[in-house]
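Please read the following briefing alongside the sequence and the coordinates. It is arranged by topic.

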Amino acid sequence: MVRRTPRLKPDEVAGRFTSRWHDERVASWLGMALGIAFLTAFVTGLISHFMQHPPDWAQWPSRPVGLYRLTQGLHVIGGLATIPLLAAKLWTVYPKLFQWPPLRSAGHAVERGLVFVLVGASLFQLVTGLLNISYWYAFPFFFTTAHYWTSYILIGALLIHAANEWAKVRRTVMTRPEDGLGRRGFLLGVAGVSGVVVLTTVGETFTPLARLAVLAPRRPGRGPQGLLVNRSALAAGVTGPARDPRWRLRVTGRVERELSLSLDDLRALPRRSVRLPIACVEGWSAEGTWDGVRLRDVLRLAGVDGDARVRVESLQGGGAFRSSHVDPPHWRDPLTLLALGLNGEPLHLDHGYPCRLIAPNRPGVMQTKWIGAVVVE
Ligand code: HEM
């Protein structure tokens with residue numbers, strides 16, 4: 001026998017779905033928490049996007065040193081903590097799917113449509129984000145582009161939805177309920193699950209809690225020289241040219257003097273040691289002690305000064321992260337090095353031997369490894 005989906009009038013829905021947590025007050029509190037979480041993800045996501053693709057008129061500061069580490073950590077760990085909130089919210093409101101008639105007027109139809117867009121975009125962001133940080137590239141599209149544009153759709157739909165529901169939220173949140181019906185316990189339970197997600201993942205970026213990071217895809221302290229590696233020299237196809245004794249660092253482009261420096265030439269320049277994190281776009285981060293020569297010292301040798309825009313190019317034949325721009329705030333920063341060593345040893349091949357960039361407040365994908373040329377534009 002086929003069971004029919006119940007068709008219920010709005011006021012019958014409450015009678016059918018008897019759980020006390022299918023409730024306006026619960027939905028309002030969860031909605032507010034989700035609003036804050038999505039806005040935080042949007043702002044921190046845009047920071048990541050515009051750091052990697054700055055408009056011509058803007059340059060990111062190189063300080064505070066760990067700003068990107070913080071914003072991207074917040075993005076990913078906050079995003080993971082949002083998953084239980086969204087699951088609870090969807091469970092709280094799903095009886096509304098069974099209201100009959102589903103559409104009461106043209107305005108109601110538009111509002112319902114927007115809610116579907118909001119739910120779809122939220123699920124898309126959380127699922128693709130989760131798959132991406134788990135290195136499971138199961139989707140047939142480029143994650144970053146899809147994730148970026150969907151975030152505008154999500155935030156647009158969220159703002160309209162919040163405006164529509166605001167009166168209801170104010171009414172339910174501002175007034176004290178006659179009886180709690182265990183709502184507070186339910187909300188605390190959901191907050192507790194989100195808290196557990198944070199506790200078991202945040203150690204991938206907040207090193208003192210590394211031991212608790214059992215659910216994090218990456219844990220600090222692993223990898224050659226005690227530091228994680230996302231792309232090895234083998235995967236990047238540079239093992240040959242990076243080990244070649246004829247390797248030279250070329251400094252070229254709009255320079256007074258072209259340079260071609262061997263590894264010994266670089267080692268003979270004033271050496272500096274800095275403690276800086278690698279902060280990956282995927283949310284993990286870890287500090288290392290780097291030593292090498294200041295990029296600004298090398299550029300000065302080539303007669304470069306002022307507001308020049310610089311590009312560092314890797315030995316890789318291609319790929320999205322073959323080169324990266326280093327704007328004046330970054331190349332002039334005394335902490336920005338052409339690193340030759342890490343944690344007291346010569347740089348490991350997978351960390352960018354013979355020479356890599358390490359700079360403050362910058363995504364890991366822009367800390368270019370296996371540098372072959374510094375080009376002044
Ligand atoms: C579980 C939740 C989420 C995870 C794990 C996650 C993960 C990520 C990751 C790994 C990136 C870096 C991509 C890259 O540069 O290669 C990123 C970027 C971004 N995320 Fe999320 N995200 C989540 C939720 C969200 C949500 C809810 C929004 C919007 C409300 C959002 C908006 C963005 C934006 C705008 C970017 C920048 C994309 C770009 O560089 O073009 N994310 N996210």
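The points below go from the whole chain to single residues.

This is a predicted model, in which local features need pLDDT of at least 70, side-chain atom pairs count only at pLDDT 80 or more, and totals for chains, interfaces and linings use all residues. Residues are numbered from 1 along each chain as its sequence is written. The chain holds eleven helices and ten strands; helices (H or I, at least four residues) and strands (E, at least two) are DSSP runs, numbered from the N terminus.

**Overall form**
- The C-alpha trace spans about 80 × 45 × 45 Å along its principal axes.
- Of the 377 residues, 33% count as buried; a residue is buried if 20 or more other C-beta atoms lie within 10 Å of its own, exposed if 12 or fewer, and partly exposed in between, with C-beta atoms placed from the backbone.
- Taking contacts between residues at least 6 apart in sequence, 72% join residues at least 24 apart; two residues are in contact if their C-beta atoms, placed from the backbone, lie within 7 Å.

**Domains**
- Domain 1 covers 10–212 and domain 2 covers 224–376, with bounds that come from an automatic or database domain assignment.
- Their C-alpha centres lie 38 Å apart, and the contact takes 24 residues from domain 1 and 22 residues from domain 2.
- On the domain 1 side, α2, α3 and α4 each supply at least two residues, and α3 gives the most, with eight residues.
- That side has ten nonpolar, eleven polar and three charged residues; Ala, Val, Leu, Ile, Met, Phe, Trp, Tyr, Cys and Pro count as nonpolar, Asp, Glu, Lys and Arg as charged, and the others, Gly among them, as polar.

**Ligand shell**
- The ligand is surrounded by 26 residues, of which Ala41, Gly45, Gly79, Gly129 and Tyr148 are the closest; a residue is counted if its C-beta atom, placed from the backbone, lies within 6 Å of the molecule.
- Two or more residues come from each of α2 (24–52), α3 (67–93), α4 (106–133) and α5 (143–174), and the largest share, eight residues, from α2.
- By class the shell has 13 nonpolar, twelve polar and one charged residues.

**Nonpolar cores**
- A nonpolar core is a set of buried Ala, Val, Leu, Ile, Met, Phe, Trp, Tyr and Cys residues joined through C-beta atoms within 7 Å.
- In the largest core, of 45 residues, Val298, Leu337, Leu338 and Ala339 touch the most other members; strand β7 (residues 337–342) gives the most to this core, with five residues.
- Beyond its neighbours within four places in sequence, Val298 is in contact with Val251, Val293, Leu338 and Val374.
- Another core, of ten residues, lies apart from it and includes Ala27, Leu85, Ala88 and Phe186.

**Backbone exceptions**
- Most residues other than glycine have a negative phi, and most peptide bonds are trans.
- A cis peptide bond joins Arg63 and Pro64, with omega about -5°; Pro64 lies in the loop between α2 and α3.
- Another cis peptide bond joins Tyr353 and Pro354, with omega about 10°; Pro354 is in the loop between β8 (345–346) and β9 (356–358).
- Tyr135 has a positive phi, near 60°, and sits in the loop between α4 and α5; Tyr135 counts as exposed because it has 10 C-beta neighbours inside 10 Å.
- Trp370 has a positive phi, near 50°, and lies in the loop between β9 and β10 (371–376); Trp370 counts as buried because it has 26 C-beta neighbours inside 10 Å.
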